[in-house]
Amino acid sequence: MSTDTDRIQKRVVLRAPLERVWGAVSDATQFGSWFGVAFDGPFVTGRVMKGKVVPTTVDAEIAKTQEAYAGAAFDFTVERIDPMTLFSFRWHPFAVDAKVDYSGEPTTLVTFELSTVPGGTRLTITETGFDGIPAARRAKAFEMNDHGWTMQAELLEKYVNRAL
């Protein structure tokens, strides 16, 4: 984990094959299932996606916490897809206030990097660009996403292991 104010980084070894983890992070339907979002189509490099928060299907307790944001819409731009190694996207972090137009703000870059290791797949989730977020909401966005990525890594682990 990083203490840098511009970057959040989480590393986890998932006891699942690379192919399974890759599908979970690079397929919009699978991603949405564990993450808790419904997308308007498949992930395609350069595509601006519309997402809507829906509770995760992986953990009932976490789904309850997500219900407060159910229906919240957001944009998600697929930045890069390097099969079996890297998936990245841009979004507005912690953009949850329906009364605020976040479209004029800079986005952060979220990267999922995967590699095979003994016993499974190493996943590194990195979100960068917080220093560009308006000062009035930067600290809260960083705090919420730092906690959020810890939770999402746990959800992803449950997701990739439930069907094995």
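Which residues do ring pairs link into a cluster? The cluster consists of Phe31, Trp34, Phe35, Phe39, Phe43, Phe74, Phe76, Phe87, Phe89, Trp91, Phe112 and Trp149. The model is predicted: local features need pLDDT of at least 70, side-chain atom pairs count only at pLDDT 80 or more, and totals for chains, interfaces and linings use all residues. Residues are numbered from 1 along each chain as its sequence is written, and side-chain values use heavy atoms, with hydrogens and water left out.

A search of the whole structure gives 27 aromatic pairs. Rings of Phe, Tyr and Trp (its six-membered ring) are paired if their centres lie within 6.5 Å; planes under 30 degrees apart are called stacked, those over 60 edge-to-face, and the rest tilted. Phe43 and Phe87 form a stacked pair, because their ring centres are 4.8 Å apart and their planes stand at 25 degrees. Phe43 lies in the loop between strand S2 (37–39) and strand S3 (48–53), and Phe87 in strand S5 (residues 86–91), so the pair ties together parts that are 44 residues apart in sequence. Helices (H or I, at least four residues) and strands (E, at least two) are DSSP runs numbered from the N terminus. Buried means under 20% relative accessible area, exposed over 50%, and partly exposed in between (1.4 Å probe, protein chains only).

The strands come next. Seven of them form an open sheet with antiparallel pairing, in the order S1-S7-S6-S5-S4-S3-S2. Strand S1 (7–14) and S2 are the edge strands; each has a single partner, so one side of each is left without a neighbour in the sheet. On average, neighbouring strands of this sheet are turned by 25 degrees against each other, direction ignored. Two strands pair if DSSP finds at least two bridges between them. Strands of a sheet pair through backbone hydrogen bonds, either parallel or antiparallel.

Strand S7 (residues 120–128) is joined to strand S6 (residues 108–117) by nine bridges, and the two run antiparallel. Along this pairing, Val110 stands opposite Glu127 and Thr111 opposite Thr126. S6 and S7 form a hairpin with two residues between them, and Gly119 in the turn has a positive phi of about 90 degrees. S7 also pairs with S1 in the antiparallel sense, over eight bridges; there, Val12 faces Leu123. Eight of the nine residues of S7 are buried.

Val117 lies in strand S6 and counts as buried at 15% relative accessibility. Leaving aside residues up to four places away in sequence, Val117 touches Val13 and Arg122, where contact means heavy atoms within 4.5 Å. Val117 and Pro17 are 100 residues apart in sequence, with a C-alpha to C-alpha distance of 9.4 Å.

Helix H4 (residues 135–162) lies across S1, S5, S6 and S7, running at about 15 degrees to S1. Axes are lines fitted to C-alpha atoms, for helices over the stretch in contact, and angles run from 0 to 180 degrees between N-to-C directions. In helix H1 (residues 18–26), eight of the nine residues are buried, so H1 is largely enclosed by the rest of the structure. Among these buried residues are Arg20 and Trp22.

The largest pocket holds about 620 Å³ of space. On a 1 Å grid over the protein atoms alone, a pocket is an open set of points where a 1.4 Å probe fits, with protein on both sides within 12 Å along at least five of seven lines; lining residues have an atom within 4 Å of a point. Grid points are joined across faces, edges and corners, and the volume is the space filled by probe spheres set on the points. The lining has 23 residues, of which Tyr69, Phe94, Val96, Met151 and Gln152 lie nearest the centre of the pocket. Helix H3 (60–66), S4 and H4 each supply at least two lining residues, and H4 gives the most, with seven.

Phe94 lies in the loop between S5 and S6. Its phi is near 45 degrees, a positive value in a residue other than glycine, and Phe94 is partly exposed at 21% relative accessible area. Met84, in the loop between S4 and S5, also is not a glycine and has a positive phi of about 70 degrees. Met84 is partly exposed, with a relative accessible area of 25%.
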